[in-house]
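Thanks, everyone. I would like to take a few minutes to walk through one model, beginning with a pair of helices and then moving to the sheet.

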Amino acid sequence: MHTVAVAGGSRSEVKELVQLSVEDWGDQVKFIVFDTEDNIDSNDLWEYRGYSSEEDMVREAVRSVASGESDILLKGGIKTHTLLKEVLKKEYALKKQKLLSHVALVNLPALDRHILLTDAGMNITPDDDQLEQIINNAIQVGQSIGLIKPKVALISSAENVNPKMPSSLTADRLTKRFKDHEEATVYGPLSLDLSLSEAAVASKRFTGPIAGDADILVVPNIDVGNVLYKTFLLFGDATIGGTIVGTKVPIVLTSRSDKVRSKLYALRFALMQAESNQ
């Protein structure tokens, strides 16, 4: 059984998420809802814990995962920075990697497989060392959900190294850093079409270690990631669920504008990661 600590669980969509989760997974998942409202009772779906302030509520939700009572932390109706500020306090010892990053599981109907996208939600303009950690985080997550030697595409506008295009230079340097990596294939610069479309690969007569079959997309900055994320979501009819990784437990971050199906997908993604941690 997995236990999910929900920080700020009074919003209607959070309640719907819990309801759908119970319908899907039954007693395999338990929810502890932390909030500041006093008109919510514990029931068959969740255990409710009420607090007098948001500060107390967030602290106790984080303590729940730090103590091992819960193995997934889900952001409900609170601000992301409020939750992460508490998570990063040294007293909890929750930070496992040097850098936390955002990894999204993407289900695109146009593809016959799931892909991972990173970092579309946390690190703004990562340098080479930070991107290296972002890549390592994504590889570990990929392995946790069953990707064997994942193919990691370093996204740029084209597949050629261009001195006037910083993202291509960064991708080239990182490819060289990972050239001897035994658990993944990391390659770039690579355009989006050559990363995901075998038809584009054939049309352009491209050859390379990744040719339309990427498992993980790594973007050079949050602007590219955010645009790609929202394009997949709005115009690609994708279902996307994101988590913060690099901590001892997966942290589910959902946007207030996310549909419930995306929130459910994010929780499913976190459960897959938590399962591998056991």
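Predicted model: local features only at pLDDT ≥ 70, side-chain atom pairs only at ≥ 80, totals over all residues.

Helix 4, residues 128–144, packs against helix 5, residues 166–177, at an angle of about 60 degrees and with the two axes 11 Å apart; axes here are lines fitted to C-alpha atoms, for helices over the stretch in contact, and angles run from 0 to 180 degrees between N-to-C directions. Helix 4 is therefore oblique to helix 5, given that angles under 35 degrees count as roughly parallel, over 145 as roughly antiparallel, 65 to 115 as roughly perpendicular and the rest as oblique. On the helix 4 side the contact, meaning heavy atoms within 4.5 Å, is made by Asp128, Asp129, Leu131, Glu132 and Ile135, and on the helix 5 side by Thr170, Arg173, Leu174 and Arg177.

Residues are numbered from 1 along each chain as its sequence is written, and side-chain values use heavy atoms, with hydrogens and water left out.

Turning to the sheet, 11 strands form an open, mixed arrangement in the order 3-2-1-4-11-10-5-6-9-7-8, where helices (H or I, at least four residues) and strands (E, at least two) are DSSP runs numbered from the N terminus, and two strands pair if DSSP finds at least two bridges between them. Strand 3 (46–50) and strand 8 (185–190) are the edges, each pairing on one side only. Within the sheet, strand 5 and strand 6 run antiparallel and are joined by 4 bridges, and Val106 has Ile115 of strand 6 as its bridge partner.
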